[in-house]
Amino acid sequence: MRLTSEKSILLLIFFFALLLRVTSILNWEGKNSVGISDEEYYDTLALNLSNYYQFSYYKGKPTAGITPLYPIFLSILYSIFGHNYLVVRFTQAILGSLICIITYFIAKLLFNKKIALASLIIIAICPTLIEYSRYLMAETLFVFLFTLSIFYLLKADREKLLKNKMIAGILMGLTSLTKPVVVLFLPLLILWLLIFLKNSYFKEKLKTQLIITSFFFLTLTPWIIRNFVIYHKFVFTTNIGYTFYGAKNILSKGGFIDIRKLENLQGNSSQELAESERDKLYFKKGLDFIKEQPLYMLVKLSVRKILYLSLIHI
């Protein structure tokens, strides 16, 4: 595939992917509103951030319930274009289309141009990725940053340039600030850096690991310091226990349920607790459920999880 031909194909499929996403948005009746509770939460955080410079759901009450990058992303768009949902969705359509291009270059580095082209087309027409462009949720930004992180990690392996290692670390940090699940990816990253880096002596692998992880944690530092000032202890997010317990309980069918339903059923409430203490309590309740009903957890809930992910709800 010639260079000019490759560029032409990439541009063609980029605009094709963009057309699919924009068409999906324009044909959607909810394009000028928010409907899902997560959308409302992100929207409120972004509005408070852009209007009052507070990262809070309730004005004057700081939160760490969600990591900050997606609300910051929304607040920047709101500050420039006003409170316009279509602008957000069109911006996400562009990011979604760029994911296709990044995937192409990742596959090209790992395999060859034929597999890269097939990967490009699959991502361009993937219904789930097209649909997520419509929602005011972090998924599109997260996937964009995550695929870009993988690309620069591969470049850091192959080209050995300091800037690639720095960019890889920063992008991994930004991805974690979009969705904290990436922090769990860090041990695997360290293992990969030590074992699978090509053409590197052990000393060089350690140096690469140190640079990437240093810039990773450096990117997280402002958020961690902010939370330490508020909660007087190390807190990355106060959503871990909420998410864990919401999926590990007697009412869960493999997905997530609102914990307030559980508390109403049990006749108690933890809403009066501080946010960080409430999160700790929820995590403990999730662990207690697993300990008390291991068979239910391992068999029935696991089966329901598979069916839930298969869109078959029971």
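Angles under 35 degrees count as roughly parallel, over 145 as roughly antiparallel, 65 to 115 as roughly perpendicular and the rest as oblique. The views below come from a predicted model.

**View 1. Helix 2 packs against helix 3 at an angle of about 60 degrees.**
Helix 2 spans residues 37-52, and helix 3 spans residues 69-81. Their axes lie 8 Å apart. The crossing of the two is right-handed. From helix 2, the contact takes in Tyr 42, Asp 43, Leu 45, Ala 46, Leu 47, Leu 49 and Ser 50. They meet Tyr 70, Pro 71, Ile 72, Leu 74, Ser 75, Tyr 78 and Ser 79 of helix 3. By class, this contact has 10 nonpolar residues, three polar and one charged.

**View 2. Helix 4 and helix 5 cross at roughly 155 degrees.**
Here residues 85-110 form helix 4, and residues 113-125 form helix 5. The two axes come within 8 Å. The angle is over 145 degrees, and helix 4 and helix 5 are therefore roughly antiparallel. Their crossing is right-handed. On the helix 4 side, the residues in contact are Ile 99, Cys 100, Ile 101, Thr 103, Tyr 104, Ala 107 and Lys 108. Helix 5 answers with Lys 113, Ile 115, Ala 116, Leu 117, Ser 119, Leu 120, Ile 123 and Ala 124. The contact counts 11 nonpolar, two polar and two charged residues.

**View 3. Helix 8 packs on helix 10 at about 40 degrees.**
Helix 8 runs over residues 162-178, and helix 10 over residues 202-231. Their axes are 8 Å apart. That angle makes helix 8 oblique to helix 10. Helix 8 passes helix 10 in a right-handed crossing. Helix 8 brings Leu 162, Lys 165, Met 166, Gly 169, Ile 170, Met 172, Gly 173, Leu 174, Ser 176 and Leu 177 to the contact. Helix 10 brings Glu 204, Thr 208, Ile 211, Ile 212, Phe 215, Phe 216, Thr 219, Leu 220 and Trp 223. The classes are 12 nonpolar, five polar and two charged.

**View 4. The second largest pocket holds about 200 Å³ of space.**
Its lining includes Lys 233, Phe 234, Val 235, Phe 236, Thr 237 and Thr 238. Ile 240 and Gly 241 also line this pocket. So do Ser 276, Asp 279, Lys 280 and Phe 283. Helix 11 (240-247) and helix 13 (275-292) each supply at least two lining residues. Helix 13 gives the most, with four residues. The lining divides into five nonpolar, four polar and three charged residues.

Notes
Residues numbered from 1 in each chain as written. Predicted model: local features only at pLDDT ≥ 70, side-chain atom pairs only at ≥ 80, totals over all residues. Heavy atoms only, no water. Axes fitted to C-alpha atoms, helices over the stretch in contact; angles between N-to-C directions. Left-handed = near helix turned anticlockwise from the far one by under 90°. Contact = heavy atoms within 4.5 Å. Nonpolar A, V, L, I, M, F, W, Y, C, P; charged D, E, K, R; others polar. 1 Å grid on protein atoms, 1.4 Å probe; cavity = no way out; pocket = protein on both sides within 12 Å on 5 of 7 lines; lining within 4 Å. Points joined across faces, edges and corners; volume = space filled by probe spheres on them.
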